[in-house]
Amino acid sequence: MALLAPSILSSDFSNLYQQIRMVEMSGADRVHCDVMDGHFVPNLTFGPILVEAADRSTELPLDVHLMIENPDNFLEDFYKAGSDFITVHQETCPHLHRTIHRIKELGAKAGVALNPSTPLSTLEDIITDIDQLLIMSVNPGFGGQSFIKNSLKKIENAVKLREETNSSFLIEVDGGINKDTVSDVLNAGCDVFVAGSSIFKADNIAAAVVELKKILNNK
């Protein structure tokens, strides 16, 4: 089943509760939280306090994507804030095996993200330990960017790697997901679709969720 994870990065924080409730009631499967530190990526967003507010707003799983340096220092804080999935970047974790298993020890599902220029081969020795692989289809840092088409090949290769290693990790894609790109991403083998601007910047948020879910369910 294809899952839709609206990213609150593009939401109106002054109406966060209402907007999260709207996407939940419209059929979203997760709430995606893009945490940025202004160092690893050129933008600063929010921390555990807002993740905790999101957790109080919904019964949906919280999918927390840490685009930050030294994520090991903050794993427990984000877990306590309500994170069900915690995804760290391969590029920020010199001891990735340790980080992944620390996330699992806390009680969350563990994910690893790859920037567009980072090859899938960097995860071959850790791939059977992860619960989720997040493929960035834009350069991380800002919402509203255009989908990088070369990401489709990386998604297809991730599917092959999952089969070859008899793994069960979910393949998630983040960046430029909208009604014009979602079908190609679905056909490439993606399981979890992160959509921010195409949902929260739409004239009708609920209708945007319904439209994307309809495409995902009518494969």
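**Ground rules.** I am working with a predicted model, where local features need pLDDT of at least 70, side-chain atom pairs count only at pLDDT 80 or more, and totals for chains, interfaces and linings use all residues. Residues are numbered from 1 along each chain as its sequence is written, and side-chain values use heavy atoms, with hydrogens and water left out.

**Entry 1: salt bridges.** Side chains of opposite charge can pair when their charged atoms come close. I looked for salt bridges (a side-chain nitrogen of Lys or Arg within 4 Å of a carboxyl oxygen of Asp or Glu). I found nine of them.

**Entry 2: helix α1.** I started with R21 and E24, whose side chains form a salt bridge at 2.9 Å, N to O. Both sit in helix α1 (residues 16-25), three residues apart, which is about one turn of the helix. For helices I used DSSP runs of H or I with at least four residues, and for strands runs of E with at least two, numbered from the N terminus. Next I checked burial (buried is under 20% relative accessible area, exposed is over 50%, partly exposed is in between, with a 1.4 Å probe and protein chains only). R21 counts as partly exposed because its relative accessibility is 25%, while E24 counts as buried at 17%.

**Entry 3: R30.** Which residue forms a salt bridge with R30? I found E172, with the closest N and O atoms 3.8 Å apart. R30 is in the loop between α1 and β2 (31-36) and E172 is in strand β7 (residues 170-174), so this pair ties together parts that are 142 residues apart in sequence. R30 is buried at 3% relative accessible area, and E172 is buried at 0%. R30 also lies over the face of F85, 3.8 Å from the ring centre. For that I needed NZ of Lys or CZ of Arg within 6 Å of the ring centre and within 35 degrees of the ring normal.

Entry 4: E76 and K80 form a salt bridge, with their closest N and O atoms 3.1 Å apart. E76 is partly exposed at 36% relative accessible area, whereas K80 is exposed at 62%. Through shared partners, salt bridges join E76, K80, R102 and E105 into one network.

**Entry 5: rings.** I looked for aromatic pairs (rings of Phe, Tyr and Trp, its six-membered ring, with centres within 6.5 Å; planes under 30 degrees apart are stacked, over 60 edge-to-face, the rest tilted). There is one. The ring centres of F13 and F46 are 5.8 Å apart and the planes are at 75°, so the pair is edge-to-face.
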